[in-house]
Amino acid sequence: MTTHHPDPTAAVAAVDLVKVYGRGATAVRALDGVTVGFRRAAFTAIMGPSGSGKSTLMHCLAGLDTATSGQVLLGGTDLGRQSDRVLTRVRRERIGFVFQSFNLLPQLTAAQNVTLPLDLAGRGVDREFLDHVVDALGIGDRLAHRPSELSGGQQQRAALARALVSRPEVVFADEPTGNLDSRAGAEVLGLLRDCVRTLGQTVVMVTHDPVAAAYADRVVLLADGRVAGDLAEPDRGAVTAALHGLAAAR
Ligand SMILES: Nc1ncnc2c1ncn2[C@@H]1O[C@H](COP(=O)(O)OP(=O)(O)OP(=O)(O)O)[C@@H](O)[C@H]1O
């Protein structure tokens, strides 16, 4: 069922969002009327079978892609109505990203990578907050090193610090543990959860992994471009069962 009233306390919301790739006979309806809000200071995982629209939804929510119809509301801003120039500024100033592949620049130190978005935006660095984030993430003694001198887990923690220091309205994490072993992955997920609890950071994560999703406060399930389920306080068993249910319904 489609509702047209997203949660007013949401940090970011989609309203009846439709995304069609291509046209005519080969058109793909990647999002088929998604209405969902992501509450402030909550950690939400987006899950669903391959091709269900997870990446498309995240890209639209983050202003990396524009929808065919419907709305994306970031705070009071309707992203669909903004120029490319404004969207670039929104992504730089109001959104943080954590990618599977870390996306650190190899020629810069960890410290330079962490402050790069603020430097590019011409914004000053709040040293006290930076120190707090870096300490909380346990990378204080790695800051002078280049990414090639850091473990995968340390690189992802530096990427998380980079996403957090600008105090974005939402951090989007795209398979953040996909390149990590289970121990380093568990550390990064625990840190993501901590930054939701202690900093009030809003985090939205796409993942295939029920273990990763169990760190979240909520799981939104997609199937065939629609919201197909919504789990509060998910544990691994509930997530796995819900995914099996979706697969069986296809
Ligand atoms: N640029 C594109 N052009 C055409 N079709 C696309 C494009 N991007 C995605 N699609 C299609 O849209 C649908 C949703 O894709 P999307 O990548 O959002 O799914 P997903 O749930 O993230 O999948 P996965 O888990 O495999 O990453 C799929 O059918 C995909 O083939």
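How many bridges join strand β7 to strand β8, and do the two run parallel or antiparallel? Four bridges join β7 (residues 170–174) to β8 (residues 203–206), and the strands run parallel.

## Basis of the model

This is a predicted model: local features need pLDDT of at least 70, side-chain atom pairs count only at pLDDT 80 or more, and totals for chains, interfaces and linings use all residues. Residue numbers start from 1 along each chain as its sequence is written.

Helices (H or I, at least four residues) and strands (E, at least two) are DSSP runs, numbered from the N terminus. Two strands pair if DSSP finds at least two bridges between them.

## The six-stranded sheet

β7 and β8 belong to an open sheet of six strands. The order is β6-β7-β8-β3-β9-β10, with mixed pairing. β6 (95–99) and β10 (226–232) stand at the edges with a single partner strand each, so one side of each has no neighbour in the sheet. Neighbouring strands are turned by 20 degrees against each other on average, direction ignored.

Helix α6 lies across β3 (43–47), β7 and β8. α6 runs at about 135 degrees to β3. Axes here are lines fitted to C-alpha atoms, for helices over the stretch in contact, and angles run from 0 to 180 degrees between N-to-C directions. Contact means that the C-beta atoms of two residues, placed from the backbone, lie within 7 Å.

## The four-stranded sheet

A second sheet is also open, with four strands in the order β2-β1-β4-β5. Its pairing is antiparallel. The edge strands are β2 and β5 (77–78), each pairing on one side only. α1 packs on this sheet and touches β1, β2 and β4 (69–74). The direction of α1 makes about 120 degrees with that of β1.

Nine bridges join β1 (residues 10–21) to β2, and these strands run antiparallel. Valine 12 has phenylalanine 38 in β2 as its bridge partner.

Ala, Val, Leu, Ile, Met, Phe, Trp, Tyr, Cys and Pro count as nonpolar, Asp, Glu, Lys and Arg as charged, and the others, Gly among them, as polar.

## Helix packing

α5 (residues 152–164) and α6 (residues 182–199) have axes that come within 9 Å and cross at roughly 20 degrees. α5 and α6 are therefore roughly parallel to each other, a term for angles under 35 degrees. Their crossing is right-handed, meaning that the near helix is turned clockwise from the far one by less than a right angle. On the α5 side, the contact includes Gln156, Arg157 and Leu160; on the α6 side, it includes Glu187, Val188 and Leu191. The contact residues divide into eight nonpolar, three polar and two charged.

α3 (residues 110–120) also meets α5: the axes come within 7 Å and cross at roughly 30 degrees. That makes α3 roughly parallel to α5. This crossing is right-handed as well. Ala110, Asn113, Val114, Leu116 and Pro117 in α3 meet Ala158, Ala161 and Arg162 in α5. Six of these residues are nonpolar, one is polar and one is charged.

Terms used: Angles under 35 degrees count as roughly parallel, over 145 as roughly antiparallel, 65 to 115 as roughly perpendicular and the rest as oblique.
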